[in-house]
Amino acid sequence: MTDISVFDVIGPNMIGPSSSHTAGALKIALMARHIIGGPVKKVHFRLYGSFARTYSGHGTDRALIAGMLGYDTEDKRIRDAYRYAEEAGLEVEFSTNTTNQDVHPNTVKIIATAEDGRVHTIVGESVGGGEVVLRKLDDVAVNIEGAGTTLLVKHIDKPGALAYIATCISQWGINIAALRMHREARGETAYAEMTIDTPAPESLLNALKEHPLITDVTQITV
């Protein structure tokens, strides 16, 4: 008798074969695309553990490319992701690391170059059943789950920034369900990560960007 996981029964809607290796991988790349803020011209995926050993056979490579192209987990174009990447002018590269034992077995490090030349490094884990966690944004350790709507505000860790963020969100009548703070070091780059009950309108995002200590604002919904 073949063992059946609960995720085989009630897992996410997706193009298979594996929720961890396809749906999860796609969500990590899609979240990374949101954080980058637009199309990417070049991306290097460094795969660890199980991802590194089985990425081609399980479709992890195509899922990652599809997420970087902005596709969702049910998009039939996932199967032909390499072709669509070429058509979009997206340069793709993969490398593997099977020796590092200090990471989750389904880990990918994404090094992406945006069309305007900005380079971002994002580390994510596919933790099972299509669920994911981002662990690092550039040099800042984070803990961003791909559930609901996340508002990510990058700022300089100085007095006044967090108060301004909270005031703006309150003025727009949006409730914060959860709030986490991540910072590189005192007085350096920091992220305010908020799970919000309703998506933030463009007007709020623009208002947040007006503060001199805020350097970037990203809304992630996957």
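I looked for cavities of 30 Å³ or more and found two. I worked on a 1 Å grid over the protein atoms alone, where a cavity is a set of points that a 1.4 Å probe fits but cannot get out of, and lining residues have an atom within 4 Å of a point. Volume is the space filled by probe spheres set on the points, which are joined across faces, edges and corners.

I note that this is a predicted model: local features need pLDDT of at least 70, side-chain atom pairs count only at pLDDT 80 or more, and totals for chains, interfaces and linings use all residues. Residues are numbered from 1 along each chain as its sequence is written, and side-chain values use heavy atoms, with hydrogens and water left out.

The largest cavity holds about 80 Å³ of space. Its lining includes Ile35, His120, Leu137, Tyr191 and Asp216. Strands S4 (119-128), S7 (149-156) and S10 (214-221) each give two or more residues to this lining; S4 gives the most, with three. Strands (E, at least two residues) and helices (H or I, at least four) are DSSP runs, numbered from the N terminus.

I then turned to the helix pair. H4 (residues 60-69) and H5 (residues 81-88) pack at an angle of about 35°, with their axes 9 Å apart. Axes are lines fitted to C-alpha atoms, for helices over the stretch in contact, and angles run from 0 to 180 degrees between N-to-C directions. Among the residues that meet, I list Ile65 and Leu69 in H4, and Tyr84 and Ala88 in H5; contact means heavy atoms within 4.5 Å.

Technical notes
On a 1 Å grid over the protein atoms alone, a cavity is a set of points where a 1.4 Å probe fits but cannot get out, and a pocket is an open set with protein on both sides within 12 Å along at least five of seven lines; lining residues have an atom within 4 Å of a point.
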